Amino acid sequence: MMNIETPPRTEAGPAGTTTPAIRAESLTVVRGPRTVLRGLTFAVPRGQITGLLGPSGCGKSTLMRSVVGTQAKVTGTLEVLDHPAGTPALRSRIGYVTQNPSVYDDLTVRQNLEYFAAVLAPGRGAAAARRHEDVTRAIADVDLTAHADALAGNLSGGQRSRVSLAVALLGAPELLVLDEPTVGLDPVLRRDLWNLFHTIAADRGTTILVSSHVMDEAERCHRLLLMREGEILADDTPDALRARTDSETVEAAFLHLVDEANAR
Ligand SMILES: Nc1ncnc2c1ncn2[C@@H]1O[C@H](COP(=O)(O)OP(=O)(O)OP(=O)(O)O)[C@@H](O)[C@H]1O
């Protein structure tokens, strides 16, 4: 199904240790009159799927925008792939799918990808040939080869999500930031998309930061950042969270932590 050939990547830090993909310290973001992120400190390890979970409005999108460098009024420390967030050199190393990604309905899947590839890496001749290869690979990565010549407007919701994901995969990014990619999808499509995230992380060593407000999706992540009202309630594995709170599900663990925070 998948056709991902890039070998897993490990990047050693100065002392031979692997630095996190994302490191935040006292990260604060102000939007309008509100402090939307309140002094967050956390690390996202490389090559794993980290889920950013929390109720609507808790600041997930703001955090993701900060990581990809499109958020104003960010203070504190935010390092991404060993660079300050927003550094131009990071642009080609991060793939970002927003909540409402643009896919052009009147273009085919391949034409959509070719358009975005040309924006990312313009040029004729060898550049165009490389783009063609990149596009073919990205379409195969998301298992849409059979639909490459279909108009995006005629695709199902799940297929459209995969087109957006293919756009984000174009430059073979080291970090994929996915903002609620499964919203509106039925359970089967959600499962397929999660399987795809796991394949991408395992085969390519890609770090994935994925947000959701659906708690059952938490169980599919290697690690979790549980957020509430601009703060991080927990930064742990699903297993450790359930054990620590003596809960059967991550949802129950989350509610336990909310109660605990309210009691303080
Ligand atoms: N321009 C703005 N001025 C003031 N507050 C804002 C502004 N933009 C967003 N906010 C507030 O910031 C908070 C965080 O928004 P954000 O979109 O990051 O949340 P979210 O967790 O991603 O929510 P959702 O899951 O609904 O997308 C929200 O409470 C929102 O109302």
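Modeller: Helices, of at least four residues, and strands, of at least two, are taken here as DSSP runs numbered from the N terminus. The model is predicted. On that basis the protein has seven helices and ten strands.

Colleague: How compact is the protein for its 264 residues?

Modeller: One compares the radius of gyration with what the globule rule gives for the chain length. Here the radius of gyration is 19 Å, close to the 18 Å that the rule gives for 264 residues, so the protein is as compact as a globular protein of that length. Along the principal axes, its C-alpha atoms fill a box of roughly 60 × 40 × 40 Å.

Colleague: What percentage of the 264 residues count as buried?

Modeller: A residue is buried if 20 or more other C-beta atoms lie within 10 Å of its own, and exposed if 12 or fewer do. Buried residues make up 39% of the 264. As for contacts with a separation of 6 or more, 68% of them join residues 24 or more positions apart.

Colleague: Which residues have the most contacts inside the largest nonpolar core?

Modeller: Such a core is a set of buried nonpolar residues joined through C-beta atoms within 7 Å. The largest has 69 residues, and Leu113, Ala166 and Val177 have the most contacts inside it. Helix H4 gives the most to this core, with six residues. Val177 shows how such a position is connected: leaving aside neighbours within four places in sequence, it is in contact with Met64, Val67, Val68, Ile94, Tyr96 and Leu209.

Colleague: Which residues of helix H1 are buried?

Modeller: They are Lys60, Leu63, Met64, Arg65, Ser66, Val67 and Val68. Helix H1, residues 60–68, is thus mostly covered, with seven of its nine residues buried. After H1 comes Gly69, with a positive phi near 90 degrees.

Colleague: Where do the buried residues of H5 fall, seen down its axis?

Modeller: An α-helix has 3.6 residues a turn, so residues three or four places apart point the same way. In H5 the buried residues are Arg190, Leu193, Phe197, Ile200, Ala201 and Arg204. Seen down the axis they fall within an arc of 110 degrees, so they line one face of the helix. Pro187 and Val188, on the other side of H5, are exposed. The cover over the buried residues includes strand E3 (49–53), helix H4 (157–169) and strand E8 (207–212). Gly205 follows H5 and has a positive phi near 75 degrees.

Colleague: What is the phi of Glu229, which is not a glycine?

Modeller: Glu229 has a positive phi of about 45 degrees. This residue lies in the loop between strand E9 (223–228) and strand E10 (231–236), and with 14 C-beta neighbours inside 10 Å it counts as partly exposed. Asp246, also not a glycine, has a positive phi near 55 degrees. Asp246 is in the loop between helix H6 (238–245) and helix H7 (250–263) and counts as exposed, with 9 C-beta neighbours inside 10 Å.

Colleague: Which residues does the UniProt annotation "domain: ABC transporter" cover?

Modeller: According to the unreviewed UniProt entry, that annotation covers residues 22–254. In the model this span is 35% helix and 26% strand, and its end C-alpha atoms lie 23 Å apart.

Note on methods: Residues are numbered from 1 along each chain as its sequence is written. This is a predicted model: local features need pLDDT of at least 70, side-chain atom pairs count only at pLDDT 80 or more; totals for chains, interfaces and linings use all residues. The arc is that of the directions from the helix axis to the C-beta atoms. Two residues are in contact if their C-beta atoms, placed from the backbone, lie within 7 Å. UniProt positions are given in the numbering used here, feature names are shortened, and annotations may be inferred rather than shown by experiment. The radius of gyration is taken over C-alpha atoms; the globule rule is 2.2 Å times the number of residues to the power 0.38.
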